[in-house]
Amino acid sequence: MEKAILLLADGSIYKGYSVGAKGTVIGETVFATGMTGYQETLTDPSYYGQIVAQTFPLVGNYGTNGADGESARCYLSGYIIREWCEKPSNFRCENNLDTFLKEKGVIGLYGIDTRSLTRKIREFGVMNGMLTTEPIADKQAALDQIREFYIRDAVKNVSIPEMRTYRAKGEAKYHVALFDFGYKRNIERELLKRGCEVTVVPYNTTAEQIAELAPDGVMLSNGPGDPKDNIETILNLREMMKLKIPTFGICLGHQLMALANGGSTRKLKYGHRGANQPVVDLDSGRTFVTSQNHGYAVDSDSIKDSVGVVNYKNANDGTCEGVRYLKAPAFTVQFHPEACGGPQDTAFLFDRFIDMMEKRGR
């Protein structure tokens, strides 16, 4: 068994064994609490620039396949697990985890105490780290590199370069422009199965280009990085709101819409990453179990009463989980209603989006 090491910015070292590709990467070390859906985690562009540790001890028991990916490649920097299953068992299994990680070029570490790592992140917050299968010759030099790391141009690096159109079976009822800030394929699938033609557009598509495309609705996708870094996109969304096109935002799309409407965002200590986050619908009082993956949150108090209404909140820490806007037909949520590897309690929000487009058409 080949050795692998995680060196954190605070100088602590976790020694284990290598799984997947070989080499050295630096990233922001975070943890995810999902018990299933590891392939969806590995292929979620929202993890760009991050080293992801799974809290569930056994990963890989049902293998991997070519159908369940949320994107064509892996965008995370590294992967950490307690134990990986060498002989998976599932009728859909095509490869084991080690083979999958090697094919995608992802460096993995297993055999460490992931509980200890998770507790450290919960106590001190997410921190940069170096994941390597090579000896660290100069620890201080490595720490200097780790501490200087920052995730840059995240959305730019995960977005498509040009528009692509996907058509549903049969005649399309609606045409949706899906902004690719690092979108998960299941957003596209949810729209297609509801009879929408979907045009995926690059992150820097302008309001003028959207007006020319003349969609029935606009989707703002999930994505990686600090939302405040996307100045051009924020200004563009501000202009796009004036078009009064029905708009539905998810995760980063939720944060960017808030910033475009005068709101603010802040970085969370260790974020929400997993499939068990309780969210309260403030209109009905009902609580939903949701899938989430984000390290930033919208400041509820920054949403002015004349602009929008915060209509969802996290039951654990009270953070903003959704906003309904008043000056345009738009709503956004922080959680993932399209979750394929997690709970699907809130998939009805896609139907709500369809209703908005239908009302606008009438």
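Predicted model: local features only at pLDDT ≥ 70, side-chain atom pairs only at ≥ 80, totals over all residues.
Two residues are in contact here when they have heavy atoms within 4.5 Å of each other.

**The chain as a whole**
- You're looking at 10 helices and 19 strands in the chain.
- The C-alpha trace spans about 65 × 45 × 40 Å along its principal axes.
- For 362 residues, a compact globule would have a radius of gyration near 21 Å, and the chain's 20 Å agrees with that.
- Of contacts between residues at least 6 apart in sequence, 74% link residues at least 24 apart.

- Buried residues account for 59% of the 362 in the chain.

**Zooming in on Asn293**
- Asn293 is part of strand E16, which runs over residues 287-298.
- Its relative accessibility is 6%, so Asn293 counts as buried, the cut-off being under 20%.
- Leaving out residues up to four places away in sequence, Asn293 touches Asp44, Ser46, Tyr47, Cys251, His272, Arg273 and His336.
- With Asp44 there's also a polar contact: the side chains of Asn293 and Asp44 are joined at 3.1 Å.

Definitions and conventions
Residues numbered from 1 in each chain as written. Heavy atoms only, no water. Helix = DSSP H or I, 4+ residues; strand = E, 2+ residues; numbered from the N terminus. Rg over C-alpha atoms; globule rule 2.2 N^0.38 Å. Buried < 20%, exposed > 50% of the residue type's maximum accessible area, 1.4 Å probe, protein only. Polar contact = N/O pair within 3.5 Å; in protein donor to acceptor, adjacent residues only side chain to side chain.
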